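Good morning, and thank you for coming.

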Amino acid sequence: MQLCRMQKKVNIAIFASGAGSNAEKIIQHFENNPAIQVKLVVSNKKEAGVLTIAAAYQIPTLMIQRSLFNETDDYIHLLKEAQIDLIILAGFLWKVPSNLVAAFQGRIINIHPALLPKFGGKGMYGHFVHEAVIESGDTESGISIHLVDDHYDHGRTLFQATCLVEAGDDADKLAGKIHQLEHAHFSEVIEQYIIEHPELFSNGSFL
Ligand code: GRF
């Protein structure tokens, strides 16, 4: 597809609660992209590694409070003011409230470290997911990249990739395999989604 540069880049906000290795890959991926940029990193945890990563790449950060996030439109206004077009959840542990989902219809993407619809839902994050996969005896796990709607781990799947769960794998080992898949695919899936949906990023960069 032919990309035409117009006046405004597509601005991404990455929401993350943890170490931020996915966030870093995404930042690096779009660093020299003329049409797409990571403009903001949002976190709910002061000690989250992702904040150090954001600082290293000189990306502004926003620390959010649960009551304001869940009960007001304050952050929606803030995101609009910052001209954010797309929200990426990269290890973000709070459920996205419905006012934010509605304000960014089709423009919030999450990554989940298992093959949804299995091993998703409330409480299914981080090691809990990998432990549940191992306990189930499944010989395969993987990643799911999906749109966010009003339910946990539920919106339309954009992409999945798989890895083997082998005898002797523990949650840490499986987490390592999953991270490899995430780092290999997440940025590319985000870029493709933007390119394939110019109607969602109308004031953005693609014709
Ligand atoms: C990833 O495995 C992601 O799928 C899950 O949390 C992890 C975050 O890792 N939701 P990192 O902070 O990007 O390193």
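This is a predicted model: local features need pLDDT of at least 70, side-chain atom pairs count only at pLDDT 80 or more; totals for chains, interfaces and linings use all residues.

Let us begin with the ligand. Which residues are around it? They are Gly18, Ala19, Gly20, Ser21, Asn22, Gly91, Ile111, Pro113, His179 and Glu182. Sorted by class, this shell holds three nonpolar residues, six polar residues and one charged residue.

For serine 21, a polar side-chain atom lies 2.5 Å from an oxygen atom of the ligand. In glutamate 182, an N or O atom of the side chain lies 2.3 Å from an oxygen atom of the ligand. How much of the ligand does the protein bury? On its own, the ligand exposes 370 Å², and the protein buries 85% of that area. Two elements give two or more residues to the shell around the ligand, namely helix H1, residues 21–30, and helix H7, residues 171–196.

We turn next to the pocket. Where does the ligand sit? The ligand sits in the largest pocket. That pocket holds about 950 Å³ of space. Its lining comprises 43 residues, and those closest to the centre of the pocket are Gly91, Phe92, Leu93, Tyr125 and Gly126. You will recall Gly91 from the residues around the ligand.

Which elements supply at least two residues each to the lining of this pocket? They are H1, helix H3 at 66–71, S5, H6 and H7. H7 gives the largest share, four residues. By class, the lining of the largest pocket divides into 16 nonpolar, 19 polar and eight charged residues.

The model also contains a cavity. The count is one cavity of 30 Å³ or more, and the space in the largest cavity is about 40 Å³. Its lining is formed by Phe15, Val42, Leu62, Ile64, Phe69, Tyr75, Leu79 and Leu100. In terms of class, that lining has eight nonpolar residues, no polar residues and no charged residues.

I close with the backbone. What kind of peptide bond joins leucine 116 and proline 117? The bond is cis, with omega at about 10°. Proline 117 is placed in the loop between strand S5, residues 108–112, and helix H6, residues 126–136.

The second detail concerns glutamine 58. Its phi is near 55°, a positive value in a residue other than glycine. Glutamine 58 lies in the loop between helix H2, residues 49–56, and strand S3, residues 61–63.

Thank you for your attention.

Note on methods:
Residues are numbered from 1 along each chain as its sequence is written. Side-chain values use heavy atoms; hydrogens and water are left out. A residue is near a molecule or strand if one of its heavy atoms lies within 4 Å of it. A polar contact is a pair of N or O atoms within 3.5 Å; within protein, one must be able to donate a hydrogen and the other to accept it, and residues adjacent in sequence count only if both atoms are side-chain atoms. Accessible areas come from the Shrake-Rupley method with a 1.4 Å probe; for residues, only the protein chains shown count as cover. On a 1 Å grid over the protein atoms alone, a cavity is a set of points where a 1.4 Å probe fits but cannot get out, and a pocket is an open set with protein on both sides within 12 Å along at least five of seven lines; lining residues have an atom within 4 Å of a point. A molecule sits in a cavity or pocket if more than half of its atoms lie within 2 Å of its grid points. Ala, Val, Leu, Ile, Met, Phe, Trp, Tyr, Cys and Pro count as nonpolar, Asp, Glu, Lys and Arg as charged, and the others, Gly among them, as polar. Grid points are joined across faces, edges and corners, and a volume is the space filled by probe spheres set on the points.
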